[in-house]
Amino acid sequence: MCPPTRDEPAEEMGSSEKSVQTESQAPFPWHVGVCDAHCHPTDTMPSIASIGNMKARVLTIMATRSQDQTLVASVAADHAIQSRDILSDSAGPRGTKVVPAYGWHPWFSHQLYNDSAEAPTYALDNTSESQKPRHYEAVLTPAPDAAFVASLPEPQPLSEFLAATRQRLLALPTAMVGEIGVDRAFRLPSGDVEQSSRDENITPGGREGRMLSPYHVKMEHQLLVLKAQLRLAGEIGRPVSVHGVQAHGVLFDALASLWKGYEKEVISRRKKRLVAQGAEDFSSDDEDENEEPYTAKPFPPRICLHSFSGPPQMLRQYLNPEIPATLFFSFSIGVNLGGPKSEAKFAEVIQACPDDKLLIESDLHTAGDQMDEQLEQIGRKVCEIKGWTLDEGLVRLRRNYEDFVYA
């Protein structure tokens, strides 16, 4: 468009454009309570000291493997949120910011074996050296060579992990299950980490700069580990944070297999009208106080699909009113806006997501200023796409988070 000449008046900016510009320049409303629905600061334990100085109100800290379960528990012991009221209280305890999550990530699922199977791939009571190779040959593809197997840890029994996780969940009512899920894209890193050059600030067990091998964890085994954790969450009634990469259909089918037979009845509009015509109002002011206690089920009551990367049509599949679990969708800068063509897709997915099912996250591995910065970026972006003011949007997102964690 050509600039106006001296004889032509400049075109006035529309009210909606002015509003967007004003919001983009407005201070970020940290005071309303900004909640990070998914992060991994225990991967860099020295950063935990900065939690008390962060602007974010809540960090939902995920465990992923053997090395970080106790680390998440130790951080929760010092920083766990004990009450829902703290989420909306800007004057709450300064360092009380953590909702812990305990889970075994699909990237590490090969390190667990199903000791409840009729023929386990690994047996602790067998001292034969063939046990470890037999397990990894059963759960990895292609079949790993001897050198690669030698670099892997001894597998752990799934039942022991589930028992320990159950105890951690029962010890804290706000604790949830995560990070769990399925991943078709991930390949295991090669070889051992060079001890002489490794960063002592980084929690062991991750990639740590290693090249990737050709080996994947078989989807069958990933699903076994995932479903066991979903059932545990359903048993206790805790929410879960779920990872899904290049496996959206597989993940949906896995969840659906657990809630099969528990689907909600969807009443037709005609039936609703008939019921409404003859209905009497027997409700009382204390109805909420008489809610029935939670009944164990084989699926979690609330599920967050973290850094959701599926298309809008996949998101809508999870909004089927027959689904007996409540689904939330969380988004991050690094995963959802990390590529040159991601902006348009992200906007479509955010527009398709119901206002009351949206969450934001950093998915970062270090607590501190960078985590706050990325939460602000994703928060601003979501509000811009939704057409919310920052104050309105961040209050909505905080309330969504409360509904996810507390129901």
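The largest pocket of this predicted model has a volume of about 980 Å³. A pocket is defined on a 1 Å grid over the protein atoms alone, as an open set of points with protein on both sides within 12 Å along at least five of seven lines, and lining residues have an atom within 4 Å of a point. Grid points are joined across faces, edges and corners, and a volume is the space filled by probe spheres set on the points. Because the model is predicted, local features need pLDDT of at least 70 and side-chain atom pairs count only at pLDDT 80 or more, whereas totals for chains, interfaces and linings use all residues. Residues are numbered from 1 along each chain as its sequence is written, and side-chain values use heavy atoms, with hydrogens and water left out.

The lining of the largest pocket comprises 43 residues, and W107, F108, G205, G206 and R207 lie nearest its centre. Strand 7 (176-183) and strand 9 each supply at least two lining residues, and strand 9 gives the most, with three. Helices (H or I, at least four residues) and strands (E, at least two) are DSSP runs numbered from the N terminus. By class, the pocket lining has 14 nonpolar, 19 polar and ten charged residues; Ala, Val, Leu, Ile, Met, Phe, Trp, Tyr, Cys and Pro count as nonpolar, Asp, Glu, Lys and Arg as charged, and the others, Gly among them, as polar.

The peptide bond from G178 to E179 is cis, with omega near 5 degrees, and E179 lies in strand 7. E208, in the loop between strand 7 and strand 8 (216-217), has a positive phi near 50 degrees although this residue is not glycine. Another cis peptide bond joins T141 and P142, with omega of about -5 degrees; P142 is placed in the loop between strand 5 (140-141) and helix 4 (146-150).

A search of the whole structure finds one cavity of 30 Å³ or more, a cavity being a set of points where a 1.4 Å probe fits but cannot get out. Strand 9 provides the largest share, three residues, and helix 7 supplies at least two. The lining has five nonpolar, five polar and no charged residues.

Helix 7 (residues 248-259) packs against helix 6 (residues 219-236) at an angle of about 45 degrees, with axes 11 Å apart. Axes are lines fitted to C-alpha atoms, for helices over the stretch in contact, and angles run from 0 to 180 degrees between N-to-C directions. Helix 6 is therefore oblique to helix 7; angles under 35 degrees count as roughly parallel, over 145 as roughly antiparallel, 65 to 115 as roughly perpendicular and the rest as oblique. The contact (heavy atoms within 4.5 Å) joins M219, L223, L226, K227, L230 and R231 of helix 6 to V250, L251, A254, L255, S257 and L258 of helix 7. Nine of these residues are nonpolar, one is polar and two are charged.

Helix 6 also packs with helix 5 (residues 158-171), at about 30 degrees and with axes 11 Å apart, so helix 5 is roughly parallel to helix 6. Residues L158, F161, L162, T165, R166, L169 and L170 of helix 5 meet L224, A228, Q229, L232, E235 and I236 of helix 6.
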